[in-house]
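Please look through the model shown here.

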Amino acid sequence: MKWTGVRGQILTEVSMKRYTSMRVGGKARYLVYPEDQTDLTNAVRMAKEHGIAYRFLGNGTNVIVSDQGFDGVVIRTRKMAGLRFSRTTHGVRARVGGGGSLKGLIKECAKRGLSGIEKLFGIPGTVGGAVKMNAGSFGSVISDHLMEITTVDESGVSRTVGRGDLSLGYRTSGLSASDCVTWAEFLLKEKDLESIKGDMAYVWGERINKHPMEWPSAGSVFKNKNGQPAWQTIDAAGLRGFRFGDACLSPKHPNFIVNLGHASALDVKRLIEKVKKEVYEKLGTVMEEEVELWGFNG
Ligand SMILES: Cc1cc2nc3c(=O)[nH]c(=O)nc-3n(C[C@H](O)[C@H](O)[C@H](O)COP(=O)(O)OP(=O)(O)OC[C@H]3O[C@@H](n4cnc5c(N)ncnc54)[C@H](O)[C@@H]3O)c2cc1C
């Protein structure tokens with residue numbers, strides 16, 4: 001396929017192992033890095049004109065790609081990462097590109113003594129990915145301080161919508177797979193720097209202590225259900241430490257599937273199916289994935 005009007009980098013037949021934190025998966029037909037919104041719109045237009053499926057990818061920390069790969073265009077937002085602060089009567093607004101690192105944003109806010117999103121420190125994704133997933137941790141969710149986002153839809157139409165117009169919920173923003181978050185704006189409050197840094201250090205310490213950060217993973221695989229943390233449900237089903245090949249329900253935190261070295265996407269998928277089946281049979285609970293599975297049949 002000949003790409004016209006796309007200035008950013010275009011890679012072909014790339015292994016998604018390199019671009020997803022679980023480190024499994026086959027190849028994507030194309031991996032495109034748009035330089036800006038126009039580039040992004042052109043990449044989407046080209047994919048549509050050629051009848052090729054496309055998906056947006058931030059840091060790939062919530063996505064598992066099948067061993068067969070993704071036969072389409074993966075549009076990676078990383079270059080769309082501007083950041084601007086402006087003072088208002090209600091606080092300081094941070095306007096950040098959808099491809100910007102969430103961790104980087106939190107660090108920049110902390111430097112300026114701006115509080116609001118620091119409890120999300122350590123979530124390894126981009127701002128766009130976090131908004132799409134309505135990512136959260138330690139009692140805080142990204143939408144708490146979100147004011148508005150700008151999206152580009154499949155027709156290339158750009159819209160700015162307030163948080164009230166999003167269908168926000170537990171790990172969902174209601175955005176469709178064809179909407180790309182190009183900008184997000186947060187309202188933050190000034191606060192004592194030491195207190196912000198203290199919160200960041202606390203949540204980071206908790207992650208190191210409780211999560212298997214030493215292995216590749218996609219974070220929590222399942223959503224919590226009926227107020228019960230998913231790791232407890234998996235534990236109650238006796239599955240802590242269960243493995244297929246090198247894909248293992250972490251003994252440290254059984255809601256993380258860790259890749260102990262050479263796991264395949266199929267190992268991971270079989271483990272997900274195993275959890276769903278066993279938990280349902282033993283406890284009657286229907287488990288739902290928090291991670292996204294790309295390129296799997298059924
Ligand atoms: C070690 C570890 C710890 C984690 N801890 C947490 C946690 O505490 N809380 C939590 O909620 N999650 C956690 N996660 C999961 C993951 O980091 C979050 O869901 C994160 O927000 C995903 O961001 P991403 O950029 O990696 O998105 P990706 O994985 O690249 O994509 C996820 C989804 O967002 C879409 N997307 C990506 N960018 C955009 C965009 N610009 N516009 C529209 N859609 C987009 C993708 O198409 C896909 O549907 C963790 C993951 C790991 C590996």
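Where does glutamate 289 lie? In this predicted model, glutamate 289 is found in the loop that runs between α6 (265-283) and β17 (292-294). It counts as partly exposed because it has 17 C-beta neighbours inside 10 Å, while a buried residue needs 20 or more and an exposed one has 12 or fewer. If neighbours within four places in sequence are left aside, the contacts of glutamate 289 are Val221, Phe222 and Ile272. Leucine 146 is 143 residues from glutamate 289 along the chain, and the C-alpha atoms of the two are separated by 25 Å.

The domain assignment divides the protein chain into domain 1 (9-76), domain 2 (83-210) and domain 3 (230-294). Taken over C-alpha atoms, the centres of domain 1 and domain 3 are 26 Å apart. Between these two domains, 12 residues of domain 1 are in contact with 10 residues of domain 3. On the domain 1 side, strand β4 (residues 63-65) supplies the largest share, 3 residues. That side is made up of 6 nonpolar, 3 polar and 3 charged residues.

For the protein chain as a whole, the secondary structure amounts to 6 helices and 17 strands. The radius of gyration is 19 Å, close to the 19 Å given by the globule rule for 298 residues, so the chain is as compact as a globular protein of that length. The C-alpha trace spans about 55 × 55 × 30 Å along its principal axes. Of the 298 residues, 43% count as buried. Among contacts between residues at least 6 apart in sequence, 66% join residues at least 24 apart.

How values were computed
Residues numbered from 1 in each chain as written. Predicted model: local features only at pLDDT ≥ 70, side-chain atom pairs only at ≥ 80, totals over all residues. Helix = DSSP H or I, 4+ residues; strand = E, 2+ residues; numbered from the N terminus. Contact = placed C-beta atoms within 7 Å. Domains from an automatic or database assignment. Nonpolar A, V, L, I, M, F, W, Y, C, P; charged D, E, K, R; others polar. Rg over C-alpha atoms; globule rule 2.2 N^0.38 Å.
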